[in-house]
Amino acid sequence: MCLTNNKLETVPTPNHNVYQNKLQELYLSSNLLDDDVVPKIIMFQKLKVLHLAYNRITEIHDRDLRKLENLQELNISGNFLRHLPRCVGRHGKLQALRSNANLLKELPDFRYSPNLKVIYY
């Protein structure tokens, strides 16, 4: 689902039965989304591609990102993140991480990300 380059401030709450949320790609870049959107997005546990670039996100918690076990591509560039979730450095399926243009002060240890091929920070 592509909702890039709109003026969205929120997204609808997905079905509470996470097994019915079959969405695999979600593009929400260039909107007005903040931290409140993250708990809604993690209900799409089958996501493989998630783009949240150029929004107003300041924090993504480890506990949230861990629920996206199938995630292969994550673009969180251009937000206001000061750190990345530690688990991003150990995510088993993640192949591409784009986190440039944030306020990052440190990076997680990527030695335990066997499939990570692309990193922009």
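Let's start with N75, which is buried, at a relative accessible area of 11%. Buried here means under 20% relative accessible area, exposed means over 50%, and partly exposed is in between, with a 1.4 Å probe and protein chains only. N75 sits in strand 3. Strands are DSSP runs of E with at least two residues, helices are runs of H or I with at least four, and both are numbered from the N terminus. Leaving out residues up to four places away in sequence, N75 touches L50, H51, L52, A53 and R98. A contact, by the way, is heavy atoms within 4.5 Å.

Some housekeeping before I go on. This is a predicted model, where local features need pLDDT of at least 70 and side-chain atom pairs count only at pLDDT 80 or more, while totals for chains, interfaces and linings use all residues. Residues are numbered from 1 along each chain as its sequence is written, and side-chain values use heavy atoms, with hydrogens and water left out.

Okay, the overall picture. The protein chain has two helices and five strands, and from the N terminus on the order is β-α-β-α-β-β-β. How does the radius of gyration of the protein chain fit a compact globule? For 121 residues, a compact globule would come out near 14 Å, and the protein chain has 13 Å, so that agrees. The radius is taken over C-alpha atoms, and the globule rule is 2.2 Å times the number of residues to the power 0.38.

Of the 121 residues, 42% count as buried. Looking at contacts with a separation of 6 or more, 40% of them come from residues 24 or more positions apart. The accessible surface of the chain is about 7000 Å², and carbon and sulfur atoms account for 49% of it. That area is from the Shrake-Rupley method with a 1.4 Å probe, and for residues only the protein chains shown count as cover.

Charges next. There are 17 positive and 12 negative ones, and their mean positions are 4 Å apart. Lys and Arg count as positive, Asp and Glu as negative, and His and the chain ends are not counted. Each charge is placed at NZ of Lys, CZ of Arg, CG of Asp or CD of Glu.

Now on to N55, in the loop between strand 2 (49-51) and helix 2 (62-65). Is N55 buried or exposed? N55 is buried, with a relative accessible area of 4%. A polar atom of the N55 side chain lies 3.2 Å from the backbone oxygen of A53, and A53 is also among the residues that N75 touches. Setting aside neighbours within four places in sequence, N55 is in contact with L28, S29, S30, N31, L32, L33, G78, N79 and F80.

Let's move to the loop between strand 4 (96-98) and strand 5 (118-120), where P108 lies. P108 counts as buried, at 11% relative accessibility. L84 is 24 residues away along the chain, yet the two C-alpha atoms are separated by 6.8 Å. Beyond its neighbours within four places, P108 contacts L84, P85, R86, V88 and G89.

P114 is found in the loop between strand 4 and strand 5 as well, but P114 counts as exposed, at 65% relative accessibility. Not counting residues up to four places away, P114 touches H91 and G92.

Q95 is partly exposed, at 32% relative accessibility. From Q95 to P114, it's 8.5 Å C-alpha to C-alpha, and 19 residues in sequence. Q95 touches Q72, N115, L116, K117 and V118, again leaving out residues up to four places away.

Last stop, backbone angles. Which phi does N5 have? N5 has a positive phi of about 60°, although N5 is not a glycine. N5 is in the segment before strand 1 (25-27) and counts as exposed, at 60% relative accessibility. A101 has a positive phi of about 60° too, and A101 isn't a glycine either. A101 is in the loop between strand 4 and strand 5, and is partly exposed, with a relative accessible area of 48%.

Methods: A polar contact is a pair of N or O atoms within 3.5 Å; within protein, one must be able to donate a hydrogen and the other to accept it, and residues adjacent in sequence count only if both atoms are side-chain atoms.
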